[in-house]
Amino acid sequence: KMDIFTRIQAPNIRGIKDVFPKVRVIHLKGGPERSIDRRCLYEFLPEFSENLKDFINRERENYDIIYSHYWLSGLVGRLIKHKFDIPLFHMYHTLAFLKKRKLEEENEHGTRLETEERLAYISDAIVSLSWNERKKLVEFYGITPSKVKVIYPGVNKNLFYPISSQKILKEKQSNKKERILLYVGRIEPVKGLMTIIEALFLLKKKNISLYDQIKLIVIGGGKKDLDLPRNKEFIRIKESMREKKLRGKVIFLGSKKQAELNKYYSAADVLIVPSLYESFGLVVIEALACGTPVIVSQIGEMRTIVKEGKNGFSFRPNDPFSLARYLERFFSQEKKLWDGNKISQDVIKRFSWERTSEETYRFFNRILNKKAFATTIFPHDESLRPA
């Protein structure tokens with residue numbers, strides 16, 4: 001059995017929802033009953049945590065494990081662990097100290113670094129999305145390597161698959177000569193979208209024939225008319241586009257539902273992932289599952305997902321010259337890459353949710369069957385000491 005706890009984000013979606021025979025999603029009060037910026041969630045954690053403790057007491061649930069995701073839910077998990085003496089498994093998804101190394105200025109909550117450090121010690125086990133992240137966790141926090149298990153995420157083959165040319169986007173159908181570059185992700189400095197803008201400007205100066213054919217579609221950043229105009233990185237990118245006279249080259253569509261993404265992946269000639277830091281890069285395997293090749297930063301696990309010259313290429317992160325060269329190389333020899341069906345079949349074989357769930361379940365059992373957990377006690381106002 002699994003209960004998934006989340007905060008109420010809409011007044012009409014609350015209470016307990018049965019999504020599978022043994023899986024429930026439970027909505028608890030934690031701040032305003034609407035969607036809010038994740039950077040504002042910290043102040044509502046005490047209310048959410050109290051409601052979670054009340055639920056467990058009221059329902060008399062006996063949970064075997066807590067599995068928290070991201071540092072905010074890790075804070076809640078820590079409280080529940082100590083209150084009910086339940087083992088805590090944690091997944092960071094991204095690490096603040098690694099993001100900080102890539103950016104001179106990162107707008108993170110003041111307590112995030114300290115919280116992530118504490119979670120490294122008080123968690124009974126950690127699930128990591130990449131070998132690089134596991135290595136950095138062990139080195140930076142000094143935790144035992146056996147405490148961290150690398151488990152790759154999977155791709156949902158029922159959502160992400162190649163779509164026939166008759167059903168693809170009107171953006172591409174409007175001009176058959178257009179080459180569609182696709183970006184999918186949040187619009188913030190660490191995601192490196194500015195690198196694509198600068199690479200387009202370089203192509204404009206040195207390869208005008210390719211530049212004239214290219215159009216960049218950007219998906220992400222929230223609602224197009226509501227959230228994008230208030231996004232600092234979006235404003236910075238738009239100003240850069242005006243200075244570089246890239247009018248008509250970039251279409252910002254805002255965020256799209258996951259079920260809609262496969263038609264955008266399928267319509268694109270190539271997905272570009274220019275991140276400065278990425279723990280795994282789920283959009284890469286989503287695009288590949290749709291048969292679309294990728295050009296990605298040479299970072300993290302993306303270096304192993306991409307098979308150079310077969311399903312895409314990788315370039316030096318934060319280097320628009322490197323990206324511009326690989327765009328030229330891609331469009332000059334794209335027919336030499338694997339065909340879409342082979343690209344799709346290869347990634348589905350390597351990354352499936354079935355494998356992810358099996359590995360996660362085995363890891364849970366291995367930790368639970370230990371006589372002693374790998375927890376470090378972190379008392380209030382005292383230095384760390386091993387359990």
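Visitor: What covers the buried residues of helix 11?

Guide: This is a predicted model. In it, the cover over the buried residues of helix 11 includes strand 8 (179-184), helix 10 (261-267) and strand 11 (270-273). Strand 12 (294-297), helix 12 (302-305) and helix 14 (340-350) are also included.

Visitor: What makes helix 11 (residues 282-289) mostly covered?

Guide: Of its 8 residues, 7 are buried. Among them are Val-283, Ile-285, Glu-286 and Leu-288.

Visitor: Why is Arg-24 called buried?

Guide: The relative accessible area of Arg-24 is 16%.

Visitor: Why is the contact of Arg-24 with Glu-61 called a salt bridge?

Guide: The closest N and O atoms of Arg-24 and Glu-61 are 3.1 Å apart. The cut-off is within 4 Å, between a side-chain nitrogen of Lys or Arg and a carboxyl oxygen of Asp or Glu. The pair therefore qualifies as a salt bridge.

Visitor: Which parts does this pair tie together?

Guide: Arg-24 lies in strand 3, whereas Glu-61 lies in the loop between helix 1 (45-59) and strand 4, so the pair ties together parts that are 37 residues apart in sequence.

Visitor: How do you know that Arg-179 and Glu-334 form a salt bridge?

Guide: Their closest N and O atoms are 2.4 Å apart, which is within the limit of 4 Å. Arg-179 is in strand 8 and Glu-334 in the loop between helix 13 (320-333) and helix 14, 155 residues apart.

Visitor: Is Arg-242 buried or exposed?

Guide: Arg-242 has a relative accessible area of 53%. Exposed means over 50%, so Arg-242 is exposed. Its salt-bridge partner Glu-239, at 2.9 Å from N to O, has 36% relative accessibility and counts as partly exposed.

Visitor: What separates Arg-242 and Glu-239 along helix 9 (residues 232-244)?

Guide: They are 3 residues apart, and therefore separated by about one helical turn.

Visitor: How many strands form the open sheet, and in what order?

Guide: There are 4 strands in the order 4-5-6-7, with parallel pairing. Strand 4 (66-69) and strand 7 (148-150) each have a single partner strand, so one side of each is left without a neighbour in the sheet.

Visitor: Why do strand 5 (residues 88-91) and strand 6 (residues 125-128) count as paired?

Guide: The requirement is at least two bridges.

Methods:
Residues numbered from 1 in each chain as written. Predicted model: local features only at pLDDT ≥ 70, side-chain atom pairs only at ≥ 80, totals over all residues. Heavy atoms only, no water. Helix = DSSP H or I, 4+ residues; strand = E, 2+ residues; numbered from the N terminus. Buried < 20%, exposed > 50% of the residue type's maximum accessible area, 1.4 Å probe, protein only. Contact = heavy atoms within 4.5 Å.
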